[in-house]
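Have the structure open beside you as you read.

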Amino acid sequence: MEIEKKQQAFEVALRELTGANPKLAEALKKDHIDLDTLTDIEVIELFWATELFPIYADKSPHTRRAYKQDLEFVLSFVMTNTEGLKRLTVLDIHRYLFDVNEQYSPRTAQRKNNMLKRLLTYLHINQYHQHNLAFYVKSQKRPEPLRREVDFEEIERIAESFRYTVQRAQKKELMELRNETIGYLLLTTGMRASELLSVKFNDIKRNQHTFYIEVKGKRDKWRRIPLTEKASHLINRLQTLMMIEEVNSPYVAFSTKKSGNSMTYEALRLMTHKAVEFVAAGNSNPPHWFRRAYITKLLAKGSSLIGVMQLVGHESINTTNGYLQSLNQLSHMTNIDLPFE
């Protein structure tokens, strides 16, 4: 009886793995994955199910989205620029590398190249290709673009100008306060734009020392970011005015178009550019520039490298170290240490 239950559980898992496609299930019944009877789409499906995300894998939604985008790009290239997966050539690989290098930044291009490399290795190991074409997938050599020098006085003026980007007359006071709060939080917390957009009012906490935000960053890692007194004051004012204006949303950066949602990254990007134009015409800095300024100023004030890394949610200390070469050590960080206060 126990053996039958295990067999049934395996059959359910197999159907989940192959999407109940009998051709995919049949391809798994040899000592290698038999891809010769499958279409290009089915080969990609099996690659996804057995290599990238087998049923026992534990990958984050962020990783799943990134892999999906990269794999879709590979498949689109194969279908529109080659004679199919089976007949890929060295020339096709170089054409792919050229297209990726032309369209994407070095980091994104490297990610898409790695996806192609994994797929080609998979095809070779399973005897679909005689030779391993992954050998010809080389790293991009294009240098990273130079970052603009951070001007702290200018970045403060830009943050203060967020409130002046409101053009609509309806609920103008509320919109100005929302934008001012967003600009100030970008300036004084070092949050990524995506993190700021996800912050809800119930993420704002208080202990015996200070107000702070609990933020979920990359790979679903939570961290606490201390708030300045002005930040907590702006958030309280915003929540009160929302109640008066009967605007219901759990998000600090609430959307005016979709009730109950936060604004989109594109809306935040455009808001940032308008604030930049208000301060200095012709400037076009992304929201991430505030995060860079925040990190740089923390380090310039002598905050410890490891402390800043944990506060801003960097995965590697090398990323933090890229902002400053020599640092003074500090044992802890409180709201007194926050820049731009």
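This is a predicted model: local features need pLDDT of at least 70, side-chain atom pairs count only at pLDDT 80 or more; totals for chains, interfaces and linings use all residues.

Residues are numbered from 1 along each chain as its sequence is written, and side-chain values use heavy atoms, with hydrogens and water left out.

**The sheet**

The three strands form an open sheet in the order β1-β2-β3, with antiparallel pairing. β1 (204–206) and β3 (222–226) are at the edges with a single partner strand each, so one side of each has no neighbour in the sheet. On average, neighbouring strands are turned by 35° against each other, direction ignored; the axes behind such angles are lines fitted to C-alpha atoms, and angles run from 0 to 180 degrees between N-to-C directions. Strands here are DSSP runs of E with at least two residues, helices are runs of H or I with at least four, and both are numbered from the N terminus. Two strands count as paired if DSSP finds at least two bridges between them.

| Strand pair | Sense | Bridges |
|---|---|---|
| β1 and β2 | antiparallel | three |
| β2 (residues 211–216) and β3 | antiparallel | five |

Ile 213 has Ile 225 in β3 as its bridge partner. The hairpin of β1 and β2 has four residues between the strands. In the hairpin of β2 and β3 there are five residues between the strands, and Arg 219 takes a positive phi near 55°.

**The cores**

A nonpolar core is a set of buried Ala, Val, Leu, Ile, Met, Phe, Trp, Tyr and Cys residues joined through side-chain atoms within 4.5 Å. Buried means under 20% relative accessible area, with a 1.4 Å probe and protein chains only. The largest core has 41 residues, of which Phe 162, Ile 182 and Leu 185 touch the most other members. Elements giving two or more residues to this core include β2, α8 (172–189) and α11 (265–279). The largest share, eight residues, comes from α8.

A second, separate core of 34 residues includes Ile 33, Phe 77, Leu 120 and Ala 134.

Note on methods
Buried means under 20% relative accessible area, exposed over 50%, partly exposed in between (1.4 Å probe, protein chains only).
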